[in-house]
Amino acid sequence: MSEPKTNTKTTTDFASLNLHKDLLKNLISLGYQKMTPIQAQSLPPMLAGSDLIGQGKTGSGKTAAFGLALLEKLQVKRFRIQSMVLCPTRELADQVAKEIRNLARAVHNIKVLTLCGGTPFGPQIGSLEHGAHIIVGTPGRIEEHVIKGTLVLDDLNLLILDEADRMLEMGFEAALDNIIERTPLDRQTLLFSATFPKQIQAISESIMTDPVMVQVASTEEPSSITQAFYSVDNDSERYDALRLLLLDNPVESAVVFCNTKKETQAVCNQLHDDGFSVLALHGDLEQRDRDQTLLRFANKSVVVLVATDVAARGLDIDSLDLVVNYHIAHDAEVHVHRIGRTGRAGAKGKAISLFNDKERYKVGLIEDGLDCVIEPGLLPSIDVLNNARVQAKMSTIQIDGGKKQKVRPGDILGALTAKSTSAKGGVEITGKDVGKIHVQDIRSYVAVNKKVLKHALRKLAEGKMKGRSFKVRHLVV
Ligand code: AMP
């Protein structure tokens, strides 16, 4: 393979791209006025049919970049699997599928199918028999389908690897090989990755032809993030530092990154025992628990989420106030990627990193990467232990009814805010007390202000939605 070419085009007007007019019109209705840097650089070569390596993290607009290239290439009338996006986690696959559906909503009859682990295999076979244009999924499950012959990729002309570095970190290399060797050689291949370890270079050389390289400088790091670094001596000091810092920085939503699943669970348990509103997110948890955890964190019923890097990939929360690196990241790119989850969309964010003597060299790597000098800070005094316990403002109620029972968000809001009929009605619930509402297939979740929790539980249990009552329960943190 020759050296990758670098694309430097930077026109930011979507109209310059010669996209199908329905796609273009829909972009305006989505509020996408200008291309983001990664879109401006990657769309022209992708639309021209080139293979491409893109360096972009969550938040750069990379999904819409490859999503538009994919949709422009698709021949809707040919009902065959023409493109496939491979993602490291189910959460990311769901987000990618959602973004593609959003981009495609002005074009009729485009069928996107997600194939991920953690969901039953049988129904996926049924869906595949009905056919699709686009597959989005995780490598393990897709490999199972291609090996069993339930997924045939003979008509695939576009393959996209999203967050390729994470897929390799998660041990998906063999699965990727197995899948890719069952796709046509003359396909177009796009690879997106936040970091570029040697393994990625090797893979891209073996599966791509003359790729164009698009890099959006990681120095784009938003300056709205305040960073602080603290040195600790040992594990118990590390935990104490975390506790003091969380008490000293009162926030609504914080993520603590840990290195291993075991450590993630242990830190979560310890914080829980110390009175924090906290949940853990890692790969040993059942998919349903992971989904519920993400939902409860997003609806602000949980303040602290302790997570592994990999599990946190699916996290897409606009107002994350604080990121804590329980162990400092092993290089500048991962560091920037982690802390980039806070301070989004111009909001103020804070990032805290802890390191011990053995990890001090990583501080040097980050100093080099970010071209800055890092001065370790002084930990808050133990007086902060007198601060109030860190508790969430909201609580989540689970309702055992969802789309299948024709429950809609409006029904839930209506049941909660209906005037009390009982004489001892007491507190009334207003729209302001009700947070995010998620309606899923057979369940729904609603966040309510803790102050009205008991009343809300009673109203939902006693009241009717769609002419019937549903079982409800409070998800205790
Ligand atoms: P991503 O990096 O793909 O996770 O995208 C980050 C967010 O930016 C998503 O919520 C997209 O809907 C949004 N987005 C993508 N492209 C644009 C654009 N050109 N203008 C405004 N928002 C965008």
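The model is predicted, so local features need pLDDT of at least 70 and side-chain atom pairs count only at pLDDT 80 or more, whereas totals for chains, interfaces and linings use all residues. Residues are numbered from 1 along each chain as its sequence is written, and side-chain values use heavy atoms, with hydrogens and water left out.

**Ligand surroundings**
- A backbone N or O atom of G61 lies 2.7 Å from an oxygen atom of the ligand, and for a backbone N or O atom of S60 the corresponding distance is 2.9 Å.
- For K62, a backbone N or O atom lies 3.5 Å from a ligand oxygen atom.
- The protein covers 72% of the 500 Å² of accessible area that the ligand has on its own (Shrake-Rupley method, 1.4 Å probe).

**Four-stranded sheet**
- An open sheet of four strands, with antiparallel pairing, has the order β16-β17-β15-β18; two strands pair if DSSP finds at least two bridges between them.
- β16 (434–439) and β18 (472–475) each have a single partner strand and stand at the edges, so one side of each is left without a neighbour in the sheet.
- From one strand to the next, the twist averages 25 degrees; axes are lines fitted to C-alpha atoms, for helices over the stretch in contact, and angles run from 0 to 180 degrees between N-to-C directions.
- Four bridges pair β16 with β17 (residues 444–449) in the antiparallel sense, and V448 in β17 is the bridge partner of V434.
- Helix α15 (residues 409–417) packs on the sheet, touching β15, β16 and β17, and its direction makes about 140 degrees with that of β16 (contact means heavy atoms within 4.5 Å).
- Helix α12 (residues 287–298) lies across β15 (394–399), β16, β17 and β18, running at about 135 degrees to β15.

**Six-stranded sheet**
- Parallel pairing joins six strands into an open sheet in the order β9-β14-β13-β10-β12-β11.
- Each of β9 (225–231) and β11 (278–281) has a single partner strand at an edge, so one side of each lacks a neighbour in the sheet.
- β9 and β14 (residues 349–355) run parallel and are joined by seven bridges, with I225 opposite G349 in β14.

Notes: Polar contact = N/O pair within 3.5 Å; in protein donor to acceptor, adjacent residues only side chain to side chain. Helix = DSSP H or I, 4+ residues; strand = E, 2+ residues; numbered from the N terminus.
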